[in-house]
Amino acid sequence: EEVLMATQWSALLLTCRRGHGGVSALQRELEVRRLRGGLGPRPPALLLAVEDPWAHLGSGGATLNALLVAAEHLSARAGYTVVTADVLRDARILILHMGRDFSFDDCGRAFTCLPAEEPGAAAEALVCNLDSLLGTMTHRLCVGSPPGVWVCSTDMLLTVPSTPGINWDGFQGVRVIAVPGSPAYARNHGVYLTNEQGLVHDIVYKGTEAQIQQCAGPDGTVPLVCGIVFFSSDAAEQLLATHVIPPLDACTYMGLDSGAPPIQLSLFFDIVLCMAGGMTEEDFVKGGGDASVRNARSVLWTALRGFPLSMACIPNASYDYMSASASDHIRSLTVLPGSQPCLLEDGSSVTNCLLEGAVQLAAGSVIQHSHLQGPLVIGSGCLLSGLNVDSSPALRGCPLRDIVLQGHHVRLRDLPCRVFTLTGRLDDWQVPVEKATYLNMPWAEFFQRTGIREGDLWDAEMPRRTRCLLSARLFPVLHAREELGLQDVLWLLGLATVASEQLARWRTAWRMSWQELLPCLDTEAELNARQALFFLQGQRKVRRVLLGRQDSSLLPLARSAVHEGYHKALLGTLDEVASTASDAGIAARALACIAEVLGCMAQGEGGLRSGPAANREWASAFGLLESGDIAGGVRELAAERQKWMSRPALLVRAARHYEGAEQILVRQAVMSSCQFITVEQVELPPLGHWVQVVCPARLDLSGGWSDTPPITYEHGGAVVDVAVLVDGCRPIGARVRRIAQPELRLVSLSGTPRSEVVAELVCQELEHLQDYCQPHAPGALLKAAFICTRVVQFPSQTPLRAQLMENFGGGFEVHTWSKLPHGSGLGTSSILAGAVMASLYQAAGKAASTESLIHDVLHLEQRLTTGGGWQDQVGGLVPGIKIGRSKAQLPLRVEVEQILVPDGFTQTLNNHLLLVYTGKTRLARNLLQDVVRNWYARLPSIVQNADALVSNAEECAQALRQGDLQLLGKCLDCYWQQKKCMAPGCEPLAVGRMMDALRPYVYGQCLAGAGGGGFLYILTKAPQQKEALHQILADTEGLGNFSIHSIEVDTGGFSVEVVGCDMKDSAHPGGDRAV
């Protein structure tokens, strides 16, 4: 629901303070969020990071400047040559203020990372306070508001219920948003005093107890100012108009460019307050500090006084200002409100960190953006941030408790360097030295412990009352002769008896105070370092998930890597995993992930993901994989890939070839099932005698798709199948006989053993078998059967004729037939493959068990490259009702258990089961490719569905054992929903109509096989419903040409018989007689 309800922004602006030089990095951060989908389904056309024109502009000035920049850009886009306020009429603009520096995060409060993750997000990323606020504004707070300008500070943690319940009916003017809080919290904050109509009377900042009490509601809470204001488009227009009037022109970049003197304005006390009902013009204007602010207030009063100022207080919302207190900050990162899936453990939090080895973190501590190697013990009350792996040795054996330890990226003119700062959790930056602490101890004690003197930290001429931690030159930045590191601040803890050399080294280093360091912090370098660390963890995650065969989706990480330019690193990791994997299954999934990365890089352009994958350029890599040299094949693929990276169409084609390569490895993984094929030598039947095999069709009652490689050996599969006669007969068959000529005659008949020839093919050379692995080549299935049964050795130095004469004294003739239409969903091709192999084995003097045949067909379909599962042959070759299972392991082995049903239940099933031919044939040839792609991406819906398929199959088997038709029907309906989840688009419209018409008369119904057309099987409530249901369907509009067939359970299974010969060697054996 939240996705549907999203504010569609026309423009989104993020203002940042002047002089930090990070504006281009912030612009990139915004762009990345647009790519990730973090700015709503239809992101704003205008996305800007805006630098304040002056260093101390204040939130009011920053708002006016951002409003001007937005209006100017929107005017230009609308084709105007001057700024026109008309563009604000229908615009929805969001202005976010980065605000002041923050001592616990070098990128400011907006980019402070929260210990939260968004499991459903399309792209994997850190969640910053900015993301949390963007989500709150876009999907909750601003939904349903009229056009206008929202202004939001980023200096607070805010949670809002999904429906905030703001009433916008008849709204005019300006509205402030408030959050209920306690009077105690309000003592250090602002609160709104409102009248009965909800209009703001006054803003009380750090008021007395009596003033705060006056603002309280019936429940005792007070409406806290929370840094969010909404200006209607009328009010925004009036505010914009002030930018040309001195001294307000100085708030904007135009004023800067025109040489106006700077001015500092507050959004709440200089702009919003003038509309409060309890204000008089005289009091308001007089309240301005200097003359220029008084003049500005006078202009603002004239422009805005006419607008009503209303308040919306959001019930059940929570607000937490991010203060300069380390205790508050650690608390807010370890006790988050709201029900976010947090990354919290026992009251501690770790965000964007790579922790290797044993790193113990006590409750009430936070680590962010650090790469550490254990063994390390971090006590309670600590905040560690920005530490790299080189810092670990210095931390070992150092008892850390109640301290804030940070690594900073600093730029001194053009010299980048790393600086470490160390403070105590209880220290206050501003308190004068007599009353203050450093590292949680009085300064006097610190001086005594370390040997440092006051003169080392502050200039002699600095008055004692202004000396404080903020201005103390404590932190070494550069040393003339030595490399500085973490140990150069850790010694300040005074743990050891202080080594005089540490003190001497500290004294000779060039040191800076936090106040001096702040303007030198390098936001861009810090953001880049966080990103690099995030993707380093991403690479570790890829290895962990693939090598550990975990069901986590790597697709969100792939998308992020592409958005943020880390795709090369990710591809390198995937190459490495694929080439060093212990089995073909892991390597195949790694190649599938590479295909996903290439697909993401094409960004939805360049054509469909499914398509041909046999370009000659990739042939040598494919050849290496086919030969079993996975490492060599992966290297060759990577080399070829480099030539296909330049544009979307090539990327998509490269992705298809990676999927082709992955299919080669899936084939090899499935071929491991060959070890469960055993063949014995038996007597050769006489020349010319036919060996005939006739098979039932199969109905899959539940669990299909879980038998499909790679799902079947990565997840495990279970399918309930029934062997069935259609209209009283076994519809699928094959017969083979030896003939005198040393050749292979492959004949397909139209529908029954006696019908006419549809296609005939004669193979006399081994070359004629070459296209056995192209499913659409004539006779491919039969050619593959000769090769898989080893009746013919291919490839071989010995010519075909010589092989046939030497081993069998002649060639073979094969006839196949099926009464079922193409794409019926009843397992025809796999069952036919089983029939051919069974008859071919016997005709060649061999015998294979049913279990061998099941694995043989798996092998054949892999060689044929159609890549099917095992359920069809289990259904058609094993008699009656059964459940097939495969474990989540290689080698792949299928085990079949007969399901014992109560006496007479088989007949009951026969009376209640019907088959309806829908008249539609399945067109979707790429269904299988899509399912495999989604499985390899481990989309959570597909993983859950795979679990559900297997459990539904076990439940279905139970329903059959109990003879419970109603429960069986429920399993069928459930199975159909699961099939639709696995392969969307498998229910054509006409089939949906047919199912709707039948619903009142059935316990359950499902399309056979993968769906998309073919046969629908139904379990009717009453027995013998064929005629009645025919009438119902005949009366239903828009069904096209359907037919209803009876089916019954075939408890006999397939039959093999040797029938007499017709020596005329014709394709029409007329007078055959059974032997």
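This is a predicted model: local features need pLDDT of at least 70, side-chain atom pairs count only at pLDDT 80 or more; totals for chains, interfaces and linings use all residues.

**Around Leu 909**

Author: If you skip the neighbours within four places in sequence, Leu 909 is in contact with Ile 881, Leu 960, Leu 965, Leu 968, Leu 1019 and Val 1049. Leu 909 also belongs to the largest nonpolar core, a set of 113 residues. Which members of that core touch the most other members? They are Leu 701, Leu 744, Phe 812, Leu 909 and Leu 960, and you'll notice that Leu 960 is also one of the contacts of Leu 909. There is a second, separate core too, with 65 residues, including Phe 534, Ala 661, Val 878 and Tyr 936. As a general point, nonpolar side chains tend to be buried together in soluble globular proteins.

Now let's bring in what the UniProt record says about this stretch of chain. An unreviewed entry there has the annotation "domain: GHMP kinase N-terminal" over residues 804–874. In the model, that span is 55% helix and 15% strand, and its end C-alpha atoms lie 31 Å apart. The record, again as an unreviewed entry, puts "domain: GHMP kinase C-terminal" at residues 957–1030. Here the chain is 53% helix and 16% strand, with 30 Å between the end C-alpha atoms.

The peptide bond from Phe 794 to Pro 795 is cis, with omega near -5°. Pro 795 sits in the loop between helix H26 (780–788) and helix H27 (800–808). Another cis peptide bond joins Pro 246 and Pro 247, and omega there is about 0°. Pro 247 is in a loop as well, the one between helix H6 (233–241) and helix H7 (253–257). For background, most peptide bonds are trans, and most residues other than glycine have a negative phi.

Asp 727 has a positive phi, near 50°, though the residue isn't glycine. You'll find Asp 727 in the loop between strand E29 (717–726) and strand E30 (732–739). Asp 727 is partly exposed, with a relative accessible area of 42%. Asn 440 is another residue other than glycine with a positive phi, near 65°. Its place is the loop between strand E22 (437–438) and strand E23 (441–442), and at 25% relative accessibility Asn 440 counts as partly exposed.

Leu 415 belongs to strand E21 (residues 415–424).

Finally, step back to the whole chain. The protein chain has 36 helices and 41 strands, and its C-alpha atoms fill a box of roughly 120 × 75 × 60 Å along the principal axes. Of its 1075 residues, 56% are buried. Take the contacts between residues at least 6 apart in sequence: 70% of them join residues at least 24 apart.

Conventions: Residues are numbered from 1 along each chain as its sequence is written. Side-chain values use heavy atoms; hydrogens and water are left out. Helices (H or I, at least four residues) and strands (E, at least two) are DSSP runs, numbered from the N terminus. A nonpolar core is a set of buried Ala, Val, Leu, Ile, Met, Phe, Trp, Tyr and Cys residues joined through side-chain atoms within 4.5 Å. Buried means under 20% relative accessible area, exposed over 50%, partly exposed in between (1.4 Å probe, protein chains only). Contact means heavy atoms within 4.5 Å. UniProt positions are given in the numbering used here, feature names are shortened, and annotations may be inferred rather than shown by experiment.
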